[in-house]
Amino acid sequence: MILASQSPRRKELLGFITSDFRVIPAVGEEKVPAGASPEETVLLLSRQKAEEIFSDHKGEIIIAADTIVSIDGEILGKPRNETHAFEMLRKLSGRTHSVFTGVCVIFGDGKIENFAKETKVEFYELSDAEINAYIATGDPMDKAGAYGIQEKGAANVKGIVGDFYNVMGLPVGKLARSLRGQI
């Protein structure tokens, strides 16, 4: 089994299901058609990653995922810099947004299961000082929406509706059910 991701969070979460896997990150260019919905985006990106790795590792189970944050129809990926992180966190402050994770599993026989999960996350109202202090930790810089719910960003979260692990980047329960009989 191969995890097509360099995310330490996804590696940790897949470890909740099985320890029998290795990591080979996908490196190809991510391509999404203009106007794709958040759900369509994560489905497409996770499938592209899985297919890239499967092309060199036929016969093995490939697992790939992609996570995005969406608010008001806008997709928030990883911040480009601290100013961009500030802008994202300001948009999320005091509001509810959606976190979408798309997962693609390609089984050894080439069968594909591609699914997306949505989790709603509500943030507390954040002052500029709180946002700047959080950015200064460095925590938001490699995460969709500029926060990690499993780290210091947890202090900004008022509540969630849905799968906590989906917000971290891998819906563990749904994936475990997809892999039944394979691990």
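Figure 1. The structure shown here is a predicted model. Glu51 pairs with Arg47 in a salt bridge, in which the closest N and O atoms lie 2.9 Å apart. Arg47 is likewise classed as partly exposed, its relative accessible area being 33%. Side chains of opposite charge can pair when their charged atoms come close.

**Figure 2. The salt bridge between Arg90 and Asp128.** The side chains of Arg90 and Asp128 form a salt bridge with an N to O distance of 2.5 Å. Arg90 belongs to helix α3 and Asp128 to helix α4 (residues 128-136), so this pair ties together parts that are 38 residues apart in sequence. Arg90, with 30% relative accessibility, counts as partly exposed. Asp128 also counts as partly exposed, at 43% relative accessibility. By the rule applied to the model, the count of salt bridges comes to 14.

Figure 3. A salt bridge joins the side chains of Lys143 and Glu151, at 3.1 Å from N to O. The two partners fall on either side of the 20% limit below which a residue is called buried: Lys143 is buried, with a relative accessible area of 7%, whereas Glu151 is partly exposed at 34% relative accessibility. Through salt bridges that share partners, Lys143 and Glu151 are linked with Arg9, Asp139 and Asp142 in one network.

**Figure 4. The largest pocket and its lining.** The volume of the largest pocket is about 730 Å³. Its lining comprises 37 residues, of which Arg10, Lys49, Asp66, Thr67 and Lys78 are the closest to the pocket centre. At least two lining residues come from each of the elements α1 (8-14), α2 (38-54), β3 (62-71) and α5 (164-168). By residue class, the lining divides into 16 nonpolar, 11 polar and 10 charged residues. Rolling a probe the size of a water molecule over the atoms shows where empty space is left.

**Figure 5. A nonpolar patch on the surface.** Four residues, Phe16, Ile160, Phe164 and Tyr165, make up this nonpolar surface patch. Together they have about 340 Å² of accessible area. Phe16 is located in the loop between α1 and β2 (22-23). With a relative accessibility of 46%, Phe16 counts as partly exposed.

**Figure 6. Pro79 in the loop between β4 and α3.** Pro79 occupies the loop that runs between β4 (74-76) and α3 (82-92). Its relative accessibility is 8%, under the 20% limit, and Pro79 therefore counts as buried. The C-alpha atoms of Pro79 and Ala146 are 6.0 Å apart in space, although these residues are separated by 67 residues in sequence.

**Figure 7. Arg95 in the loop between α3 and β5.** Arg95 is placed in the loop between α3 and β5 (96-106). Its relative accessible area of 32% makes Arg95 partly exposed. From C-alpha to C-alpha, Arg95 and Phe21 are 38 Å apart in space, with a separation of 74 residues in sequence.

Conventions: Residues are numbered from 1 along each chain as its sequence is written. This is a predicted model: local features need pLDDT of at least 70, side-chain atom pairs count only at pLDDT 80 or more; totals for chains, interfaces and linings use all residues. Side-chain values use heavy atoms; hydrogens and water are left out. On a 1 Å grid over the protein atoms alone, a cavity is a set of points where a 1.4 Å probe fits but cannot get out, and a pocket is an open set with protein on both sides within 12 Å along at least five of seven lines; lining residues have an atom within 4 Å of a point. Grid points are joined across faces, edges and corners, and a volume is the space filled by probe spheres set on the points. Helices (H or I, at least four residues) and strands (E, at least two) are DSSP runs, numbered from the N terminus. Ala, Val, Leu, Ile, Met, Phe, Trp, Tyr, Cys and Pro count as nonpolar, Asp, Glu, Lys and Arg as charged, and the others, Gly among them, as polar. Patches are made of residues with over 30% relative accessible area and no salt bridge: like charges are joined within 9 Å, nonpolar side chains (Val, Leu, Ile, Met, Phe, Trp, Tyr) within 5 Å. Accessible areas come from the Shrake-Rupley method with a 1.4 Å probe; for residues, only the protein chains shown count as cover. Buried means under 20% relative accessible area, exposed over 50%, partly exposed in between (1.4 Å probe, protein chains only).
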